[in-house]
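Please look over the structure shown here before reading on.

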Amino acid sequence: MRITFCQGLLSGAIILNLLILYYVSRAQQQMMEKRKELGRGTRRAALPASGVMGGLGLLAGAGAEPGGVGVDGHNRGPRVTVLLREFENFENYVGDVANSFLHQRPEIPFLAVADTSPYPPLVLSEGARLLVLSPSPDQPPQAHRPEFHIQTEFVLLVPDGVELEQPRAIERLIRELEGEGGGPVRLVAAPVLTRSAVHCLHLRVNLREWTATYSPAASGSSGSVCTALQGDAVVLIRAEDLFNLSVPLARPLFSSLFTQTALRGWKVKLLESPCFSANHRPLFSSAHNQWKADTRLKEATGKLMRSFGLKRLLLSDGKEQWYGCSKETPRCFGTVQDDTPEYLYLDRWTPPCCLRALRETTKYVINILESSGVRYWLEGGTLLGAVRHQDIIPWDYDVDLGIYLEDIPNCDHLKNVDSGSLVDANGYVWERAVEGDFYRVQYSEANHLHVDLWPFYPRNGVMTKDTWTEHKQDVEFPEHFLQPLVPMTFAGITAYGPNNPRAFLELKFGEGVIENPQYPNPLKKRLDRSKL
């Protein structure tokens with residue numbers, strides 16, 4: 001078989017790429033092994049703080065001058081890299097921060113990290129370096145990966161404008177972290193003076209519910225332990241722990257860092273001292289620059305939350321921040337296939353913004369039905385949610401209401417949609433569903449979260465209708481379940497449902513449906529009840 005020039009060239013390119021991939025992977029593995037060995041070596045050589053040279057040995061290797069030879073004869077470099085991640089290109093004090101640390105501890109590596117090359121360019125003194133995270137086509141991948149640029153055991157994360165006034169403050173942080181012995185405390189922090197007070201918070205991240213909840217924790221005393229911090233602080237973490245996070249240096253740094261560490265069960269210890277100073281106050285010299293910084297922080301937070309799949313933040317002061325869908329945006333998931341929305345395959349439940357929209361739409365529709373004299377009742381899975389949760393089922397994606405067919409003319413919103421859709425004064429969309437003979441009320445023209453209205457009529461004491469779906473719960477039932485309708489709590493309001501909801505639900509879904517929750521289509525995705 002004759003090989004053409006193009007085929008040979010292509011084969012050569014493939015082989016070259018495989019070789020590059022092999023050597024990059026090998027270099028990364030060697031770098032991680034070197035960092036681990038450095039950590040083990042410095043831990044073996046470390047002396048007590050009261051020993052010869054005190055805390056200096058903690059940074060440069062016990063028993064050695066900075067960068068000198070340790071007691072076991074090996075060259076011991078510095079144990080910590082100072083890393084500055086949070087700064088703005090248009091106004092910052094990165095150079096001053098670097099000068100402050102390098103003046104006190106010239107042996108310590110200082111690394112400023114930016115997404116793209118700063119403009120105006122940073123002016124850094126000798127000993128300080130800039131790392132740009134965005135890849136460049138003319139450089140190897142390790143040039144933009146921070147784990148290849150940090151070869152120390154620890155990383156000290158510092159905010160912009162911070163200065164090191166006490167040379168041994170870093171040693172205190174290292175001693176505190178090493179004293180924890182690798183337990184749940186994997187970070188140690190110290191406050192920054194002349195800035196906003198630092199508060200210890202408890203952070204609970206529930207990916208299944210797309211929610212992060214902050215709550216106050218005890219703070220103000222030396223050694224407060226929590227899962228997140230609010231305010232300006234300097235944070236020490238082992239390099240190995242930092243680079244085992246999915247996105248170690250995403251911005252905003254503290255939001256990203258503590259979200260990931262909280263999910264791993266790690267804790268942060270906040271010390272009352274040593275304190276670091278911040279002589280640059282305020283950080284920005286004009287109201288316009290402060291506004292720019294606040295705007296960028298808001299944008300970065302939204303981008304981070306969306307990348308982490310967090311759509312709702314409950315803050316420690318009781319306020320909420322939302323990063324999901326709204327009336328002006330599409331809903332968070334696409335067309336549902338096989339009764340199984342896409343988020344169930346990700347082991348998540350209905351996004352909280354979608355549940356909020358469904359509750360708002362349901363309350364709105366029920367209010368109109370009641371004021372128009374249309375008899376309705378909670379149907380199907382919606383009734384099941386009312387009985388089991390007094391709310392929408394946490395993984396449900398719509399709301400179902402049954403209505404009396406003969407009452408439709410009483411409601412202007414329903415009787416006027418036979419020829420098309422109607423957008424009412426509040427932006428809700430009323431329409432006759434294309435899937436069958438029923439009605440649908442959408443949250444908005446952009447957001448198609450909806451409430452379905454199913455018209456039934458009585459025939460010989462049985463509630464029936466003219467068109468049916470393939471859902472097993474879509475069946476006829478005796479009218480006596482609706483005589484009378486009874487009030488029940490649902491989604492924060494009082495709604496009406498069948499007078500014997502258990503019998504009604506077991507007629508439609510089978511015996512024990514209330515006590516045995518399950519996803520809509522177990523053949524596609526089953527609910528792991530052990531995680532409830």
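## Briefing on a predicted model

Trp377, Tyr404, Phe456, Trp468, Phe477, Phe481 and Phe504 form one aromatic cluster, where rings of Phe, Tyr and Trp (its six-membered ring) pair if their centres lie within 6.5 Å. This is a predicted model, in which local features need pLDDT of at least 70 and side-chain atom pairs count only at pLDDT 80 or more, while totals for chains, interfaces and linings use all residues. Residues are numbered from 1 along each chain as its sequence is written, and side-chain values use heavy atoms, with hydrogens and water left out.

**Rings and charges**
- By the pairing rule given above, the count comes to 18 aromatic pairs.
- The charged end of Lys327 sits over the ring of Tyr428, 3.6 Å from its centre, and Lys327 also lies over the face of Tyr443, at 4.1 Å from that ring centre; a charge sits over a ring if NZ of Lys or CZ of Arg is within 6 Å of the ring centre and within 35 degrees of the ring normal.

**The second largest pocket**
- About 1400 Å³ of space lies in the second largest pocket, a pocket being an open set of points on a 1 Å grid over the protein atoms alone, with protein on both sides within 12 Å along at least five of seven lines. Grid points are joined across faces, edges and corners, and a volume is the space filled by probe spheres set on the points.
- The second largest pocket is lined by 47 residues, of which Asp339, Tyr397, His471, Gln473 and Pro520 are the closest to its centre; a lining residue has an atom within 4 Å of a point.
- Two or more lining residues come from each of α10 (380-389), β18 (439-442), β19 (450-459) and α12 (501-509), and the largest share, 5 residues, belongs to α10. Helices (H or I, at least four residues) and strands (E, at least two) are DSSP runs, numbered from the N terminus.
- This lining has 15 nonpolar, 15 polar and 17 charged residues, where Ala, Val, Leu, Ile, Met, Phe, Trp, Tyr, Cys and Pro count as nonpolar, Asp, Glu, Lys and Arg as charged, and the others, Gly among them, as polar.

**The cavity**
- A search of the whole structure finds 1 cavity of 30 Å³ or more, a cavity being a set of points where a 1.4 Å probe fits but cannot get out.
- The largest cavity has a volume of about 60 Å³, and its lining consists of Leu405, Asp437, Pro455, Tyr457, Lys465, Asp466 and Thr467, which divide into 3 nonpolar, 1 polar and 3 charged residues.

**The disulfide**
- The structure holds 1 disulfide, defined as a pair of cysteine sulfur atoms within 2.5 Å; Cys200 and Cys226 form it, with their sulfur atoms 2.1 Å apart.
- This pair links distant parts of the chain, with Cys200 in strand β6 (residues 199-206) and Cys226 in strand β8 (residues 224-226), 26 residues apart.
- The torsion about the S-S bond of Cys200 and Cys226 is about -70 degrees, so the disulfide is left-handed.

**Backbone details**
- Most residues other than glycine have a negative phi, and most peptide bonds are trans.
- Asp339 is not a glycine, yet it has a positive phi of about 60 degrees; Asp339 is found in the loop between β13 (320-322) and α8 (342-345).
- A cis peptide bond joins Arg251 and Pro252, with omega about -5 degrees, and Pro252 has its place in the loop between α5 (239-242) and α6 (253-263).
- The peptide bond from Gln483 to Pro484 is cis, with omega near 0 degrees, and Pro484 is placed in the loop between β21 (477-478) and β22 (486-490).

Note on methods. Phe/Tyr/Trp six-rings, centres within 6.5 Å; stacked < 30°, edge-to-face > 60°.
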